[in-house]
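Here is a short briefing on one protein chain. It goes from the overall fold to single residues.

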Amino acid sequence: MCEYNVGYIDDDSCTFVDYAELLEKYVTLKFVKNCTSMLDVYHWILDNKIECFIADFKLSDKYTFNGTELLEFLNKRLPDLVCIILTNYPCDSVAENLVSSILIKDRKILSSIEGIEAFGIELKQASEVFNNRLINLEKKFSELLVKKRKKIITTKEEECFSNIYSTLKAYNMVDDLPNEIFKTEISDKIDRILELTKQCISLEKNDND
């Protein structure tokens with residue numbers, strides 16, 4: 001099996017085995033299973049350490065969303081993951097204007113040796129891009145972690161910090177962090193207020209006794 005993990009979603013699994021065999025020289029194709037929502041697919045991608053993702057356009061036989069809607073959703077959650085539409089209906093995908101036409105491929109590309117080779121190389125390169133982007137994310141995470149510990153992190157940076165951590169943790173690029181590190185400044189202030197309140201109540205009770 002190749003070192004690159006590429007996810008593939010289709011409402012019909014019949015083509016998967018053929019595609020996996022055609023592309024096995026370049027990548028390891030993994031079929032999305034046990035998912036019903038777009039959020040399920042997102043978590044499946046993290047659980048399977050997917051480095052590039054392929055979606056069929058028409059998923060209506062099994063899902064309530066189509067491929068371009070899914071890719072739009074994934075791009076917001078995992079903007080560094082290259083996502084590709086593979087379809088018999090490239091014009092329909094382009095018309096929706098949710099995925100760049102560069103990332104919409106006609107299934108006919110897999111009907112020739114030249115097409116298979118070109119697509120396989122493209123998937124490998126996309127996977128390498130994602131892995132390089134993860135390294136950059138790791139650097140960004142380290143910078144935000146320093147800010148977090150110094151308590152000079154902004155609210156926007158705090159959200160970014162949590163999102164990056166979730167991604168890097170899924171791909172085994174960071175160690176577990178204590179839950180306390182994810183507390184926001186507001187949470188810390190609330191905790192301090194609650195603690196002071198408890199102390200005041202305790203003092204008042206002692207005075208009354």
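Among contacts in the protein chain (heavy atoms within 4.5 Å) between residues at least 6 apart in sequence, 62% join residues at least 24 apart. The model is predicted: local features need pLDDT of at least 70, side-chain atom pairs count only at pLDDT 80 or more, and totals for chains, interfaces and linings use all residues. Residues are numbered from 1 along each chain as its sequence is written, and side-chain values use heavy atoms, with hydrogens and water left out.

**Overall build**

- The protein chain has seven helices and five strands. Both kinds of element are DSSP runs numbered from the N terminus: helices are H or I with at least four residues, strands are E with at least two.
- Along the sequence, the pattern reads β-α-β-α-β-α-β-α-β-α-α-α.
- Of the 209 residues in the protein chain, 40% are buried. Buried means under 20% relative accessible area, exposed means over 50%, and partly exposed lies in between (1.4 Å probe, protein chains only).

**The sheet**

- Five strands form an open sheet in the order β2-β1-β3-β4-β5, with parallel pairing. Two strands pair if DSSP finds at least two bridges between them.
- Strands β2 (28-31) and β5 (104-106) stand at the edges. Each has a single partner strand, so one side of each is left without a neighbour in the sheet.
- From one strand to the next, the twist averages 30°. Axes are lines fitted to C-alpha atoms, for helices over the stretch in contact, and angles run from 0 to 180 degrees between N-to-C directions.

**Strand β3 and its surroundings**

- Strand β1 (residues 5-9) runs parallel to β3, and four bridges join the two. Gly 7 has Phe 53 as its bridge partner in β3.
- Strand β4 (residues 82-87) also runs parallel to β3, again with four bridges. Here Cys 52 stands opposite Val 82 of β4.
- Both faces of β3 (residues 52-55) are covered. Cys 52 and Ile 54 are buried on one side, Phe 53 and Ala 55 on the other.
- A right-handed β-α-β unit is made by β3, helix α3 (residues 67-77) and β4. Right-handed means that, with the strands pointing away from the viewer, the path from the first strand over the helix to the second runs clockwise.
- Helix α2 (residues 38-47) lies across β1, β2 and β3. Its direction is at about 145° to β3.

**Cysteines**

- How many disulfides does the structure hold? It holds zero; a disulfide is a pair of cysteine sulfur atoms within 2.5 Å.
- Cys 83 is in no disulfide, and its nearest cysteine sulfur, that of Cys 52, is 7.3 Å away. Cys 83 is buried, at 3% relative accessible area.
- Cys 14 counts as exposed, because its relative accessibility is 58%.

**Side-chain contacts**

- Glu 157 sits in helix α6 (residues 155-170). Its relative accessibility is 17%, so Glu 157 counts as buried.
- The side chains of Glu 157 and Lys 147 are joined by a polar contact of 2.8 Å. A polar contact is a pair of N or O atoms within 3.5 Å; within protein, one must be able to donate a hydrogen and the other to accept it, and residues adjacent in sequence count only if both atoms are side-chain atoms.
- Leaving aside residues up to four places away in sequence, Glu 157 touches Leu 144, Lys 147 and Ile 152.
- Ser 112 is in the loop between β5 and α5 (113-150). Its side chain reaches the backbone nitrogen of Gly 115 at 3.0 Å.
- Is Ser 112 buried or partly exposed? At 29% relative accessibility, Ser 112 is partly exposed.

**Positive phi in loops**

- Most residues other than glycine have a negative phi.
- Asn 97 is not a glycine, yet has a positive phi of about 60°. Asn 97 lies in the loop between α4 (90-96) and β5, and is exposed at 68% relative accessible area.
- Lys 151, also not a glycine, has a positive phi of about 60°. Its place is the loop between α5 and α6. Lys 151 is partly exposed, with a relative accessible area of 48%.
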